[in-house]
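Visitor: I would like to go through this model term by term. Please show me the sequence and the structure.

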Amino acid sequence: MERARRTRPSLSRRRLLQGAALAAVPASLLGAEPALAAAQAVDYPGAESRPASTSNYTASNRPTSYPIDHVVIHVTQETWSDAIGIFQDPARAVSSHYVVRSRDGHIAQCVREHDIAWHAGNWDYNTRSIGIEHEGWVDQPQYFTDVMYEQSALLTAEICAKYRIPVDRGHIIGHREVPGATHTDPGPYWDWDKYWNLILSASLRAH
């Protein structure tokens, strides 16, 4: 590493020099600006980009290619990090748009909303839904923390507003409610009343 010189150009001077240097480089050789790349990596502000393997979802251009009219609620049956690892494994053939962490409600986005995540076990529902996974197990309600419900509800409310999805139980459903589903999540300990009230509250604040 080159040692720092005793005298350095001012911050504004350094920026001018950096800009001049970049201007001399062909645009085709430049990558995206880091800030711009980060901004484009997620659809929900505050989410962390943790992309799934491209083998585990279908690239699309929703809602032009398919309407988005459902949100499907899942429970991972894995830890937050292990669920993301599964989505990043090209051999697993599964993914979800978002994963919400139990302890703090932190959200990872694994598939962009315009693409089709393979989460519902039903192609028709996959094409027209956003899948949200929640860290935990269906028989361990301690994973369903208040902060996880709160952050997930804000996410669901924002998705519904963006795509004009009716805020009702016909359009915000559990995985077990998808036709042909073999899964039981989010399970008997998922507090739909609490979650529903939080979504309604968030939706009202947004208006």
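Visitor: Which residue in β5 does Ser 49 stand opposite?

Guide: Gln 109. Bear in mind that this is a predicted model.

Visitor: What makes β1 and β5 paired strands?

Guide: Two strands pair if DSSP finds at least two bridges between them. 2 bridges join β1 to β5 (residues 107-109), so the two strands count as paired. They run parallel.

Visitor: What is the strand order in the open sheet?

Guide: The order is β1-β5-β4-β7-β3-β8. That is 6 strands, with mixed pairing.

Visitor: Why are β1 and β8 said to stand at the edges?

Guide: β1 (48-49) and β8 (172-174) each have a single partner strand. One side of each is therefore left without a neighbour in the sheet.

Visitor: Which helices lie across these strands?

Guide: α3 lies across β1, β4 (98-100), β5 and β7 (129-134). Its angle to β4 is about 165°. Helix α5 (residues 146-163) lies across β3, β4, β5, β7 and β8. The angle of α5 to β7 is about 175°.

Visitor: How many helices and strands does the protein chain have?

Guide: 6 helices and 8 strands. From the N terminus on, the elements run α-α-β-β-β-α-β-β-β-α-β-α-β-α.

Visitor: Why is Ser 53 called buried?

Guide: The relative accessible area of Ser 53 is 12%. Buried means under 20%, so Ser 53 qualifies. Ser 53 is found in the loop between β1 and β2 (57-58). Not counting residues up to four places away in sequence, Ser 53 touches Phe 87, Gln 88, Asp 89 and Pro 90. Across the protein chain, buried residues make up 41% of the 207 residues.

Visitor: Which residues lie nearest the centre of the largest pocket?

Guide: Val 75, Thr 76, Val 94, Glu 133 and His 183. They are among the 17 residues that line the pocket. About 280 Å³ of space lies in it.

Visitor: Which elements give two or more residues to the lining of the largest pocket?

Guide: β3 (70-75) and α3 (80-87). The largest share, 3 residues, comes from α3.

Visitor: How does the lining divide into nonpolar, polar and charged residues?

Guide: The lining of the largest pocket has 6 nonpolar, 8 polar and 3 charged residues. Val counts as nonpolar and Glu as charged, so Val 75 and Val 94 fall in the nonpolar group and Glu 133 in the charged one.

Note on methods:
Residues are numbered from 1 along each chain as its sequence is written. This is a predicted model: local features need pLDDT of at least 70, side-chain atom pairs count only at pLDDT 80 or more; totals for chains, interfaces and linings use all residues. Side-chain values use heavy atoms; hydrogens and water are left out. On a 1 Å grid over the protein atoms alone, a cavity is a set of points where a 1.4 Å probe fits but cannot get out, and a pocket is an open set with protein on both sides within 12 Å along at least five of seven lines; lining residues have an atom within 4 Å of a point. Grid points are joined across faces, edges and corners, and a volume is the space filled by probe spheres set on the points. Helices (H or I, at least four residues) and strands (E, at least two) are DSSP runs, numbered from the N terminus. Contact means heavy atoms within 4.5 Å. Axes are lines fitted to C-alpha atoms, for helices over the stretch in contact, and angles run from 0 to 180 degrees between N-to-C directions. Buried means under 20% relative accessible area, exposed over 50%, partly exposed in between (1.4 Å probe, protein chains only).
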